[in-house]
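Look at the picture first, then read each answer step by step.

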Amino acid sequence: MIFYSAERFYRKIVYLLLFFFTIFFLFPILWMFIISLKPVSQLYRFPPHIIPRPPVLKNYVYSFINIGIGRNLFNSLILTLGTLAVSIPVSIPAAYALSKFRFRFQSVLLLGILGTQMIPGMASLVPLFDILKSFKLLDSFIGLIFIYTARTLPLNIWIFKGFFDTIPNDLFEAALVDGCTQFQSMRYIMVPLVLPGMAAASMFTIMQSWIEFIVPLTMLFSEEKLPFPVAVYKFMGSPIMGTNYGAIFASAAVGSLPILMLFIIFQRYFIKGLTAGAVKE
Amino acid sequence: MHAEKAMKKTPILLMLLALLILAAFSIYPVFNAFRLSLFDMGLLQREVTFVGLKNYSVLLSDPLFYNSLKATLLFAGGSVAIQYFLGLFLATLLSTQDLKGIRFFRSSFILPYTLSELVVALVWLHIYDSNFGVLNGFVNALGVPVQRWLFDWAMPAVIVANCWWGSTFSMLLLESAMKGIPAELYEAAKVDGASGLQQFFKITLPSLHYVSMLNLIMITLLTINAFGIVFVLTFGGPQNATDVIGMYMWRNAFRFMDLGYGATLAVVIFIFNIIITLLYIRVFGKETLKGSVSK
């Protein structure tokens with residue numbers, strides 16, 4: 001009897017803590033949306049109102065028409081799709097080779113590929129700037145796509161390798177006996193079976209390239225090429241728009257929404273993508 | 001004979017593109033950083049002068065460099081400790097048996113991680129605002145005088161924003177590792193009369209040994225190298241109080257246009273990363289690593 005009431009008390013505490021942390025983690029995000037819906041007259045009140053009265057969409061209109069955030073969202077989309085289009089097709093055959101072939105220095109190569117993840121991205125900014133400069137890729141999407149690809153490849157290879165590992169070799173050998181070439185067996189048998197891996201890898205890649213801030217800030221100069229985080233940063237510093245909190249928050253909210261939605265819909269794959277490489281299943 | 005030779009080449013061909021991209025954009029930059037650090041070069045000028053190790057001797061007598069080391073130590077130390085223990089705490093909460101609404105709680109905790117560093121910093125910039133920020137509104141309601149958070153509390157403020165964003169990662173890693181602990185262990189402990197706390201310290205924590213090491217290495221490296229939030233919230237200020245080494249490197253290379261000195265700082269960061277990784281492996285024991293490689 002005493003044991004059960006102690007257990008119930010413990011569970012109450014757990015729920016209380018969970019609610020507390022839910023507020024801690026969700027409030028700032030809700031706050032962003034709240035500010036983006038506030039009329040200008042309520043932006044500079046102290047203490048601030050929690051609920052905008054009445055909520056207005058004016059800030060969003062301003063952010064699309066006067067700031068032109070649509071252009072920046074489009075740039076982010078190109079960078080993201082570009083990275084996806086390079087990173088996934090490049091990592092699949094590499095993962096396939098590491099999973100289904102036996103060759104010399106295989107484990108060294110695998111560790112080496114994973115090890116590149118440990119190379120800090122930010123410290124690479126200076127040498128990468130110099131490398132892009134010599135390839136004449138500064139201020140270009142292509143240069144950024146290469147950088148993003150290099151950052152996402154190790155984890156994508158690891159995710160796909162995990163899926164290839166679970167597919168029995170017999171299936172693959174049967175295809176060869178039936179006269180498939182190596183490439184055909186990869187294309188028609190293996191790839192369809194790793195589609196779930198594709199989802200996890202894609203989510204990870206999309207998120208990484210969509211939210212990147214310091215890299216494009218450093219490597220892009222032309223106003224019309226800026227992805228959304230860099231553009232929002234520039235508005236914050238500009239003397240005219242910098243004081244228009246409402247419009248800046250509307251821009252940030254619009255830019256965050258796609259990934260928030262993707263996350264809510266494909267949560268399972270997201271988590272798999274984030275924890276891959278560290279946790280073996 | 002031919003077929004066998006082709007078989008040998010196939011894996012290399014399949015990996016070729018991946019290896020080339022990684023070589024050019026992940027591995028070569030490390031060497032390039034070292035090469036650049038030997039030159040005196042501006043950001044966009046063509047002429048460069050070889051100066052040998054001069055940048056390094058400048059570095060060793062640069063008070064701002066030592067200041068950035070101190071700031072990094074505080075920022076990374078604070079962030080890593082909070083992220084690891086908060087992650088562990090949240091993972092433990094989420095692992096409580098038969099909880100209702102667990103998916104909702106977990107999703108709420110993860111959401112910040114899907115935001116751009118810029119958005120995270122922007123939101124917290126507004127929360128911390130000394131004139132009409134919501135934190136001061138809250139503090140004021142409690143009867144405490146309003147604070148200038150980003151001036152008088154700059155370092156704790158950037159650490160909190162950083163942990164709000166990054167603790168998820170630790171939570172996810174540790175939670176999925178906890179799921180892998182066999183339930184029989186807990187059942188046996190219960191039969192033996194072990195309390196919840198005893199179970200946590202005798203079963204859960206030891207089982208998380210390897211994941212904890214990996215997690216700590218990853219978040220330490222991530223924190224040392226991430227400065228997007230600092231960049232927006234304080235830009236290293238006030239009076240260089242939050243001038244973490246990444247921030248200092250960026251300012252030298254891209255604001256003061258001194259690419260050679262920026263590269264020198266980058267080399268120092270690379271070396272620190274290696275030392276820190278080795279230190280963790282040393283502390284946790286080499287066996288931890290071996291246990292992870294065999295699959």
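Q: At what angle do the axes of helix α10 and helix α14 of chain A cross?
A: This is a predicted model. In it, α10 of chain A spans residues 195-211 and α14 of chain A spans residues 267-275. Their axes come within 8 Å, and they cross at roughly 75 degrees.

Q: Are α10(A) and α14(A) roughly parallel or roughly perpendicular to each other?
A: The axes cross at roughly 75 degrees. Angles from 65 to 115 degrees count as roughly perpendicular. The two helices are therefore roughly perpendicular.

Q: How many residues of the contact of α10(A) with α14(A) are nonpolar?
A: From α10(A) come A:Ala199, A:Ala200, A:Ala201, A:Met203 and A:Phe204. From α14(A) come A:Tyr269, A:Phe270, A:Lys272, A:Gly273 and A:Leu274. Beside 1 polar and 1 charged residue, the nonpolar ones number 8.

Q: Which element gives the largest share of the side of chain B that touches chain A?
A: Here 73 residues of chain B are in contact with 69 residues of chain A. One helix, residues 2-36 of chain B, supplies 18 residues to the chain B side. That largest share belongs to helix α1 of chain B.

Q: How many residues on the side of chain B that touches chain A are charged?
A: Sort that side by residue type. There are 51 nonpolar and 19 polar residues. The charged ones number 3.

Q: What is the radius of gyration of chain A?
A: The C-alpha atoms of chain A fill a box of roughly 75 × 75 × 35 Å along the principal axes. A compact globule of 281 residues would have a radius of gyration near 19 Å. Chain A has 24 Å.

Q: Which residues of helix α3 of chain A are exposed on the side away from its buried ones?
A: In α3 (residues 58-67) of chain A, the buried residues are A:Asn59, A:Ser63 and A:Ile67. They cover an arc of only 45 degrees around the axis, so they sit on the same side of α3(A). An α-helix has 3.6 residues a turn, so residues three or four places apart point the same way. On the other side of α3(A), the exposed residues are A:Val61 and A:Ile65.

Methods: Residues are numbered from 1 along each chain as its sequence is written. Chains are lettered from A and ligands numbered from 1 in the order in which they are written. This is a predicted model: local features need pLDDT of at least 70, side-chain atom pairs count only at pLDDT 80 or more; totals for chains, interfaces and linings use all residues. Axes are lines fitted to C-alpha atoms, for helices over the stretch in contact, and angles run from 0 to 180 degrees between N-to-C directions. Helices (H or I, at least four residues) and strands (E, at least two) are DSSP runs, numbered from the N terminus. Angles under 35 degrees count as roughly parallel, over 145 as roughly antiparallel, 65 to 115 as roughly perpendicular and the rest as oblique. Two residues are in contact if their C-beta atoms, placed from the backbone, lie within 7 Å. Ala, Val, Leu, Ile, Met, Phe, Trp, Tyr, Cys and Pro count as nonpolar, Asp, Glu, Lys and Arg as charged, and the others, Gly among them, as polar. The radius of gyration is taken over C-alpha atoms; the globule rule is 2.2 Å times the number of residues to the power 0.38. A residue is buried if 20 or more other C-beta atoms lie within 10 Å of its own, exposed if 12 or fewer, and partly exposed in between; C-beta atoms are placed from the backbone. The arc is that of the directions from the helix axis to the C-beta atoms.
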